[in-house]
Structures are given as C-alpha cells and as structure tokens.
Amino acid sequence: MNTDVEFHIRQNYPWTKLPANVKQSLGNSQREYEKHVLLYSIRNQLRFRNNLVRHVRKDERKYYEELLKYSRDHLMLYPYHLSDIMVKGLRVTPFSYYIGIMEDIMNSEKSYDSLPNFTAADCLRLLGIGRNQYIDLMNQCRSSKKFFRRKSARDLLPAKPVEISVEPWWVAQTGYITEDDIRICSSAEKKAIDKMIDSGPQLAGSMEYNVVLSLYNRGFIYLDVPISDDSCISVPPLEGFVMNRVQGDYFETLLYKIFVSIDEQTNVAELANVLEIDLDLVKNAVSMYCRLGFAVKKGQVFSSEQLHPTWKNAPSVNRLKSTMDPQKMLLSWEQGSPVMEGGSSATDTDTTSLEDQDTASVSSLSIPAAPTKRIAFLFDSTLTAFLMMGNLSPNLKSHAVTMFEVGKLSDETLDSFLAELEKVESTAEGEAQRYFDHALTLKNTILFLRYNKELTQDQGPDIPNIGFPLDMLRCESLLGLDQATCSRVLNKNYKLLVSMAPLSNEIRPISSCTPQHIGPAIPEVSSIWFKLYLYHVTGQGPPSLLLSKGSRLRKLPDIFQVYDRLLITSWGHDPGVVPTSNVLTMLNDALTHSAVLIQGHGMHGHGETVHIPFPFDEEDLKAEFSYSNMCTHKALQKLKEHVDLEHQCGYITMLNPNNRHRRRASDSECRGDTHLGGGLDTNGSTESFELVTEENNGDGKAKTDSFSSEDEWVPLELCFGMPLFSSELNRKVCRKIASHKLCSNESLQELLHSSRKLSLKVLSFVQSFQDGIQPSDLDSGVSNPLSQPPAESGVPLPALNLLFKDGQLKEWSGRAPPPLDISALQKDQPT
C-alpha cells in the first residue's frame, strides 16, 4: 500500500479531502480508496468507532469478525486493546483465540517455527504449549490417524488456560456473562461479579486471588493492563521469550521499535514523542510487554492493607520449567510491594533467586540516580551468537536473548550480566575458545567503559565525577528505526557511542555526528571502499582487484598467481582466506549475484598479520620501526595525514604475505587469522569462502625482529572501535583511550570535525570511481528490526572493475598483460 495513502487513512481523511496526487495514485476511484481503508483498518486492528472505517463498512459486528479472522489467519497477537469488543461482544477470549490458531497450524501440519515470536510467547503463557509440547501434540495427532479412534487436534489441546501470572495492579472487567453462567458460580465469584457490575472495573489485587483466576479461566472476566502517560517500565533479562520468526505486521514492528528505545527514566508520553508514534499505540505495546512478563512497571506500590490477604501467598507461575523450588514461587512481602525496587518483578524468578535480586537492587542503589547521559556500546548479532553458542555459563543465555530480541541491555541490568560473565572460564577447546575469548573481553570492555572516572575528568566542579552509565545496543535493532527517530533516541540518552570492532559486513553501522561516535563515521567507512581508500592515500597495500557484479574471470589475474592464499570478500559479507588452487569457480559463482574483492594474502600458506592499536603513543613514534613497533611504518605516517588517528581508537592490520618465518607463541594473540578468515557467510549463499586453517608449527624460537623489514609489511585494513576478538589488543586500546583522554569534551569536539571531514573525503573518493553511474539494484525491500538488508544497501556498488597494484588504484579492463611481459616470460622458457 502506498505510504501517502496510509498516511491519509491514519489521519482519517475522507475521499473528498484527499489531495489530487493521492487520488490519482488510486486511479481516481473512491471504491479503491474504501478498499484500502478497510484493509488498513483490519491489518492495524483499528477500533471501528472514531476511525475512517466506520464510513466504509456500516456493519460493526461484521467488521470485527473480519478483523478477528484476518488476525487469526496471519497468526497475529490477540487484540487486547479491543478486549471489550472481543470478549463482551464476540465472546472470543485470548484462550479461545489461541486455541483456534493452534488448531489451524496443527491441521495444516505446520512447524512450531511458523508462529511469530510474540504470538508464540503468548501461546506459551496461556496454553502452556512451547516447542517441545507442540512436537509431542503433533506426534499424538499423527499416530492417532493410524488407528480407528482418530483424535482431532482440538481434542488434544487444553480445555482451559494454564494458571497465568496476574499482577495486583491489573484491572478486572466483566466479559459476556449469561444467567446460566451465574448459576455455576460460587458465592464468592457471584459477589465479585456483582461488585464489578455495580461499581465498575476492579483492581485485581482488591479481589480474592483464586476468584480472579477462576473467573478468568472461564472467560467471565478479562484483564486490562493499564498504562498511563507517566508510566515508566524496565526490561529485565527475557524469560519465556520464544525465538521463532518475525513476520513484520504493524504491532510486532512497533514492539521491536519500542524495545530498543525504552529506558527506565523515560515515561510513555515522552517515548511516544521521541518516536513520533501515536501515544495509544505506544501504551498498547508497553501494556503487552507487561502482560507477557517481558517488562516491569515501575513505581507501582501496594501496601498490605490495599491488597486482599489471599495475594500474599499467590504463586508466581513459572513459564519455562515444570518443576520449581517452592521458595522461589512466593512473592517477597518484606518490601511491601509485589514489584521490587531492583527493577525486576516477582514474576521474573525463573532463573534468579530472590536473594540475588535483593543484592542486585542494593548494588544499583549505591550509584547516584541523578539523570545523566550515558555511553552506548554498539554491538552486532555476531556477539550475541557467540554468547548463545558457547554454553558459557548457566544463565548467560537469557541475557544473550535479551541482547538479540530487545536489542538492548540497560545499565540497570549490567550487574547481573557481569556476574554471569564472571562465571565464564578462560579456557576451552577448539572453536569454543573463540566464544570464551569474546565473553571475557566483553566483560573487560564493560568494566572499563562503565562508571570510569578516568574517562570523565573534565565534567566541571559542580558535577560529581562518577563516570558514565553504560547501555549496550544492537546495531540491527537501531536500524529498525528510521534515521531521524534513531538520531532523536540516541541524542536524548547518550553522550558517546562506542562500536565493537570489527562490525560484521552484513550490517550497516550506525551513522552519527552527535552524539559522537568512536567507530565507523558512515557506512562507507565500514565497507570495501574504505580499504581501497586506505591503499589509495598511502600508496601501499596488497594487490587488490574489485570486480563488479556480473563480471566473469576466464583465469586468475597474473598478479595473484604467485600467491598460495587469497583473501576474498563478497560485497556485504565477511572475508575469508581461501587457497588459490580452486578459487576461480567460487569467484565466478559469487560474481553472478555480488561484487567481490580479491586480495593477495600469503605466498607460502597464510600471510602473517599483526594488529597495531591506535592512537599511537609519542614514545613509540620516536622509536625505530621493528616487528614489535610498527606504528612508525611509512604507510601509517602517510595515513595520519588523511585519517584522524589521534581522536579515534581502533586498530590497523598489517600484512606480510612473505610469511616464511613463524612467530613466537607469545605473539599469537595479535594474529589476524582469528577474524580475517573466520567470517563465513551465514546466509547460506554460494559465496561462502571456507577458511583453510594451518598449524604454525615452525621455528617458534626464531627472533622475528631481526628478519622484519619495513618493505615486507603493507596495511591491510583499518577498523575503528573496540576490538573484542583479542584480549591483549583490547587491553591496549582501553589503555590508549584513557591515556589519550579520548572521552574528554575537547577530544570529542575534535572527533566531530574529523569524522565529518573523513566522511566527505571517502564519499568523494567513492564518487570519483563511480564514473557518474548509479547502481540500479540497490536494495529497496521492506526491512524489519531483526532481518536488515545487506550492509552495503546504502553504499554504492562498484560500477567499474578496479585494480590496486604498484601503489596505484585504477580501472581494470581485464586485458592480457603487455607484450613486454610476455616476451620476458618466453626468454625464461627452455628452447
């Protein structure tokens, strides 16, 4: 649907008031506009009254029936904001709605993964059906078909909801109740119903706990989760979240947008203003978080006198485990409130004991609560994958799920996250070591950036120097917001952004002038173009050939024939080191749907790589070039004239393709192999370039300094940000951030100017090699918060084939070498 048409429907424009261009886009047909109005209203689960649809569809009941059918067919969340209509009018409760959805997907023999994430989480909450239970039900359903006593899917599904978790501040309202229903009610239930009918909706906490559950399970009442303009919520580590799929409907997209934007200090009205989203929609989303147990409403205090005595022993239902320690199922009443001050409710006792929560709340209270801007540490999904895959510590996975799905770990939850990282061991076997290293280095990075007084020594005399709080944000989740909204969210909450390095090529980095960003200034700085810019301005680099999409190689160019290993980077994917011997077929296959950069890496096995952290120290710049001090390399001295290495941090990777000498074991942490060949294409496409690993079992005792010549080394790559793949490199970068005062106001102001200058230079460089041709196949698809378009979707694709050789970058025609080289080769051949 046209965005202009959507906007005018949302603003309730009748046909007569539509602008001429919008009418024209609809073929000047009022009937077509009315079709769009109906479809938009149903898709967005709009209320009939006070919306444009009431002029299009006269039968209100039929409209809601169509809305319910569409929602059920598309596996959407139950429309809780229309509960008064759905329960009272149509007598469709959330339980019966989800039973219908389960019956549909079981009859269609669809997998559990077909349920969208939030729908699956609500089904688990109400029906008690998770992945394992669904597989069991499907097996029972299939096996019953083999015998005469065939059971339908409906027979196998539960007859009533499981015992759900209800908060005392939720509001109970009467549903559709007949006289026959009243007859089967107990006296206590009748009394409660009479009170609701006579006095209106009641707080759940003011009624008898078992009566509330009993009436809810029978569908006689429904529960509202009220959210006001000034409500604030916190998001603890996710429990009970189901990671299936995203489908991109309006409400799911909204839920993810708000997840990454919300914080404990911003109330709902302010959040709606920052996101420029209708306040009622934001309230609906926040209400859904609280209902599902993914968020906790702050400041909701009930004294024991206000609550019915039966709530004191009310169990907190565990959604994940069938067995539970009874001690963990009790609400803590010592605090006088079912909502704990530590930002975690009693319903979140799935993996954390109450004692642990009390400890967390005490440690968080020791930090001044004055509202202050924070540092944001930006990471990508690679990091969350490492934390999930490694089986690193018992409860780390819930934090990793939160980092991926919410897209954010706020400072308030970092205490428990650090406690889990503390449990990670330092050694593991094989590939698992990589996951352990990242977890430990991440812990050190958080401890360095969070409340570090060294970083904020120029705050002024009136402001206490306690350092800055730290939030962790996932780049892909921020990219789910439009650029203007993302900028408003970042400027409201953060003083400084710090990216992990390297960010995956499969995502776009966040572009930000303010707040200042220690990381890639614009997406081009994190793309293949920046490598070529690096070689162009220094006049040094490995032989590199950038081939545009659709090119085809009949043979490997001569400059790569002397290499045993090549570094191959498909556009928008991470690089991989491959043997030269069988690379041609893979290259031509990848070139059919992607531009590819080919670079010489090693002449005798893998090339040798060393990472040089920056900013450089004065004493190192005064020393002579050596293996252990490469910052005086002439290419890097030249690079300093074009790229600000004083007010940014990161590392430069130097490459020695002539790797005849093996390195000392103590230097192993600085090897580039850990990430330069490690990134494999996770999208399952044919341009996955396998990393061929090699054991360096050569002469470990050889003194490499004596062999290191400056001319043997060339710059390979420059990455801005905080490296997480090497603890030693990370430690050096942290030390340099503190010693060079990169977080001081003066340095950040310089960074702002230099980032803008670098952005303009790189954009000008890219344009100069585009020959005025704009790529026609830039990604124009609809993106959602979890599955972003490729990293380079906003970066121009190469229109020309470019070759870097002998210090020059120029267009490559693909022709054979000049005759002089051929004759020279003929002379060498025996006659």
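Contact here means heavy atoms within 4.5 Å. This is a predicted model: local features need pLDDT of at least 70, side-chain atom pairs count only at pLDDT 80 or more, and totals for chains, interfaces and linings use all residues. Residues are numbered from 1 along each chain as its sequence is written, and side-chain values use heavy atoms, with hydrogens and water left out. Helices (H or I, at least four residues) and strands (E, at least two) are DSSP runs, numbered from the N terminus.

**Helices H12 and H13**

- Ala-188, Glu-189, Ala-192, Ile-193 and Met-196 of H12 are in contact with Val-211, Ser-214 and Leu-215 of H13.
- The axes of H12 (residues 187-199) and H13 (residues 209-217) come within 10 Å and cross at roughly 80°.
- Axes are lines fitted to C-alpha atoms, for helices over the stretch in contact; angles run from 0 to 180 degrees between N-to-C directions.
- H12 and H13 are therefore roughly perpendicular (65 to 115 degrees; under 35 is roughly parallel, over 145 roughly antiparallel, the rest oblique).

**The sheet E2-E1-E3**

- An open sheet is formed by 3 strands in the order E2-E1-E3, with antiparallel pairing.
- Strands E2 (202-203) and E3 (221-224) stand at the edges with a single partner strand each, so one side of each has no neighbour in the sheet.
- E1 (residues 171-174) is joined to E2 by 2 bridges; two strands pair if DSSP finds at least two bridges between them.
- Ala-172 has Gln-202 in E2 as its bridge partner.
- H12 lies across E1, E2 and E3, and runs at about 85° to E1.

**Helix H27**

- Ala-635, Leu-636 and Leu-639 are buried in H27 (residues 634-642). Buried means under 20% relative accessible area, exposed over 50%, partly exposed in between (1.4 Å probe, protein chains only).
- Down the axis of H27, its buried residues fall within an arc of 90°, so they line one face of the helix. The arc is that of the directions from the helix axis to the C-beta atoms.
- These buried residues pack against helix H24 (528-538) and strands E15 (608-614), E16 (650-656) and E17 (714-720).

- Gln-599 sits in strand E14 (residues 596-602) and is buried, at 0% relative accessible area.
- The Gln-599 side chain makes a polar contact with the side chain of Tyr-535 (2.7 Å). A polar contact is a pair of N or O atoms within 3.5 Å; within protein, one must be able to donate a hydrogen and the other to accept it, and residues adjacent in sequence count only if both atoms are side-chain atoms.
- Arg-565 lies in strand E12 (residues 565-570) and is buried, at 9%.
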